[in-house]
Structure formats: C-alpha cells, structure tokens
Amino acid sequence: NSSDLSPSFVLASIPGLEAAQGWVAVPLCSAYALAVAGNCAVLLVVRAEPSLHAPMYFFLCMLAAIDLALATATVPRILCFYWFGSREISFAACLLQMFLIHTLSAIESTVLLAMAVDRYVAICHPLRHAAILTNGATAKIGLLAMARGVLFFLPLPLLLLPLPFCGSRVLSHSFCLHQDVMNLACANTTPSVVYGLTAILLVMGLDAVLICLSYILILKAVLRLAAWRERLKVFSTCIAHICVVLAFYVPLIGLSVVHRFGKDLAPLVHIIMGNIYILVPAVVNPIIYGVRTKQIQRRIL
C-alpha cells in the first residue's frame, strides 16, 4: 500500500463473473471485430469510389480512423485481461491509454462539428458549398481537429504525473480514464479537476452547442421550403449525421453522469457504461452510413 515512483493500477473485473471472464470477453471481441471490419470497409469504399470523394465522406473517413484508433487503444488490453488474467497496467501505460482515449474523443467531437457545418453549408448555402469546403479546407480541418485534441488533453496526464498513489489502485473500468485515475490519488487533485472540467466544456461542450445551433439554422432553412416532400428530402440528408452525433454524445454524457453522481452504483454499471462509450460509436457509425448511403452499399456488395 505504500506510494512508489511508478505505481501500477488494477483493472476492474465484472463482479461475480471472475470465473467466466473468458466467455464474457466473447461478445466484446465480436463487437471489436465488427468495429474493425465496418470502419475498414468505409475507408476502403470511400477510397475506391470516385463519387464519394467529397468533404462529407472525407470527414466520414476521419471518423472511421478515429473509431478504429480508439477501439484499438482499449479493447485488446481488455481482452488480455479477460483471457489471460493480466489485470495490472503500469502507470506509464495507463497515462498513455488515458491520453489517447480523451484526445481521440476530442478529435471525434471536432470532426462531428465539421460534419454539421458541412450539412449547414450544403443546405443553407448550396451554391457556395464547393467553394467553401474544398479538399484542401477539409484536410486543414482534420489537422486542426488533431492539434486541438492534443493541445487540450496533453496536460491531463502531465497533471497526474507528480501525484502520489498510496491507497487503493483498483480502477472502476477495464481501461484508464482521467477521472478514474485522479480519484485514486492521495493528494490535492483540484488542478486536475478544474482543468479536466474546463477542457471537456471547451471541447465537447462547445462542440455540442455549435452542432445544435447548426441544426437550428438548418431547420429554419428547411421549414422555408413550400412542399413537405421537399422538406423531408432535404432534411433526410442529415439523418445519418444526427444518429452518429447521438451515438457519440449519449454514451459520453452517460459516462460523465455515472462518474459524477454514481459513486453508490454497482461496479457493473461503471464497467458497462465504459464499454458502451468505447465500442458503440465504433460499431454503429459504419452501419448508419452503410444503410443511409447507396454508393457505400453498392460498393460493399
């Protein structure tokens, strides 16, 4: 129980199912395989189909790459724990995993905002869409999203580095999150709390507000159209993006609520919410765009 310079943490196991962890990991592995197959298919289809070489689908490729990276940063380590009993994770590996999870989530949030802006320009200013969202502008937005995520969330592991960990080392999830690791420190964590909350609000919170604002403006433009059929046709181009936004933000908000108010909840709730947050967007996003985009359907078939 004594503090040391390079502590290790213990990943959370599912209570009461320790003896059947190998079987519990099967659906998790299946979901990961589906996420890898679906996102790789999206990347290959967009690359091979010239009609999809447009900003919206380049953003979709960014989304697929981020989901692949996020799932790969967490699920293989979880499977090692479930199948081989490797519960301990080193302090350095935990900080790296934590940094990747938060940074990739921030990048995904920025890309979702860029996709919302793309829909706004395409519907409200269709004649200027090609001039505003060029391939060069799309690439710059991708680089900006990456830089924004790194700059905002790099301080999180740096703030945890000097903290002593002298009590329990058991995490609430099967992977490392900033709030989870921070709560195990036996020192003043106010700077980490304040900075973590500020980063979340300035990235995910601000993006969510701007996405909502984009859709308010889109709805106003759609309601100006005379025919209901025309309104539905125009707004249907946003359905896939709305579903992807919900698949990202609903698990994120749910996980935040569990961390903030769910201290008395069963450990199983924390583990399930964490796995949903990691895997649901990666699994669901390719399915949504595969169903909604005929070119992707044809190419996959």
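Visitor: Which helix gives the most to the lining of the second largest pocket?

Guide: Helix H10 does, with 3 residues. This is a predicted model, in which local features need pLDDT of at least 70 and side-chain atom pairs pLDDT 80 or more, while totals for chains, interfaces and linings use all residues. Residues are numbered from 1 along each chain as its sequence is written, and side-chain values use heavy atoms, without hydrogens or water.

Visitor: What makes a residue part of a pocket lining?

Guide: It has an atom within 4 Å of a pocket point; a pocket is an open set of points on a 1 Å grid over the protein atoms alone, where a 1.4 Å probe fits, with protein on both sides within 12 Å along at least five of seven lines. The largest pocket has 30 lining residues, with Gln179, Leu197, Ile200, Ser256 and Arg260 nearest its centre. Helix H3 (91-124), H7, helix H8 (190-223) and helix H10 (239-261) each give two or more residues to that lining. The second largest pocket is lined by 13 residues, and Tyr57, Ser236, Thr237, Arg292 and Thr293 are the closest to its centre.

Visitor: How many aromatic pairs are there?

Guide: There are 5. Rings of Phe, Tyr and Trp (its six-membered ring) pair if their centres lie within 6.5 Å; planes under 30 degrees apart count as stacked, over 60 as edge-to-face and the rest as tilted. Phe9 is in strand S1 (residues 8-10) and Phe165 in the loop between helix H6 (155-160) and helix H7 (178-182), 156 residues apart.

Visitor: Why is the pair of Phe248 and Tyr249 edge-to-face?

Guide: The ring centres are 4.9 Å apart and the planes stand at 85°, so Phe248 and Tyr249 form an edge-to-face pair.

Visitor: Are Phe9 and Phe165 buried or exposed?

Guide: Both are buried, as are Phe248 and Tyr249. Buried means under 20% relative accessible area, exposed over 50%, and partly exposed in between (1.4 Å probe, protein chains only).

Visitor: Which residues form one aromatic cluster?

Guide: Phe9, Phe91 and Phe165 do.

Methods
Helix = DSSP H or I, 4+ residues; strand = E, 2+ residues; numbered from the N terminus.
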